[in-house]
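Subject: Structure handover

Hello,

Here is the structure I promised to pass on. Please open it alongside this message.

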Amino acid sequence: MVERLLLFAEGDTVTPATVQAALPMQAVGDGNVPFSGTGTLAARVEQVERQMILEEIKRHNQNITNTAKALGLERSHLYKKCQQLGIDLRELRK
């Protein structure tokens, strides 16, 4: 759990929001797809990636450039990743 907290933390600070984001039973995105912690490794990784991307998009007010920078990705790679994970960016902007 400590490792997970450090992965979710911004810099050296662990905030209550960081703890909430690191909890494995937290709802993903809009709350319709819970993170179950079961399934194949690939399915679990997709769930965590989807959750992290949705949280960053929300944190950066749907600004994809800033979201990509925060995640250490190229903007084009973030678009591709969202497409792979079934994240509809147009729907999020509404």
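This is a predicted model: local features need pLDDT of at least 70, side-chain atom pairs count only at pLDDT 80 or more; totals for chains, interfaces and linings use all residues.

Residues are numbered from 1 along each chain as its sequence is written, and side-chain values use heavy atoms, with hydrogens and water left out.

**Overall layout**

The chain has six helices and two strands. Both kinds of element are DSSP runs, numbered from the N terminus: helices are H or I with at least four residues, strands are E with at least two. From the N terminus, the order is α-α-β-β-α-α-α-α. Of the 94 residues, 28% are buried. Buried means under 20% relative accessible area, exposed means over 50%, and partly exposed lies in between (1.4 Å probe, protein chains only). Among contacts with a separation of 6 or more, 35% join residues 24 or more positions apart. A contact means heavy atoms within 4.5 Å.

**The core**

The largest nonpolar core has 10 residues: Ile53, Leu54, Ile57, Ile64, Ala68, Leu78, Cys82, Leu85, Ile87 and Leu89. Two or more of these residues come from each of α3 (41-59), α4 (64-71) and α5 (75-85). A nonpolar core here is a set of buried Ala, Val, Leu, Ile, Met, Phe, Trp, Tyr and Cys residues joined through side-chain atoms within 4.5 Å.

Look at Ile64 in helix α4. Ile64 counts as buried because its relative accessible area is 5%. Leaving aside neighbours within four places in sequence, Ile64 is in contact with Arg75, Leu78, Tyr79, Leu89 and Arg93. Ile64 and Ser76 are 12 residues apart in sequence, and their C-alpha atoms are 9.5 Å apart. Ala68 touches Leu73, Glu74, Arg75 and Leu78, again not counting residues up to four places away.

**How the helices pack**

Start with α3 and α5. Their axes are 10 Å apart, at an angle of about 125 degrees. Axes are lines fitted to C-alpha atoms, for helices over the stretch in contact, and angles run from 0 to 180 degrees between N-to-C directions. The two helices are therefore oblique to each other. Under 35 degrees counts as roughly parallel, over 145 as roughly antiparallel, 65 to 115 as roughly perpendicular, and the rest as oblique. On the α3 side, Glu46, Glu49, Arg50, Ile53 and Ile57 meet Leu78, Lys81, Cys82 and Leu85 of α5. By class, that contact has five nonpolar, no polar and four charged residues. Ala, Val, Leu, Ile, Met, Phe, Trp, Tyr, Cys and Pro count as nonpolar, Asp, Glu, Lys and Arg as charged, and the others, Gly among them, as polar.

Next, α4 and α5. Their axes come within 9 Å and cross at roughly 95 degrees. That makes α4 roughly perpendicular to α5. Ile64, Thr65, Thr67, Ala68 and Leu71 of α4 make the contact with Arg75, Leu78 and Tyr79 of α5. By class, this contact has five nonpolar, two polar and one charged residues.

**The loop between α3 and α4**

Most residues other than glycine have a negative phi. Asn61, in the loop between α3 and α4, has a positive phi near 50 degrees. Gln62 is found in that loop too, with a positive phi near 60 degrees. Asn61 counts as exposed because its relative accessibility is 62%. Gln62, at 30%, counts as partly exposed.

Best wishes
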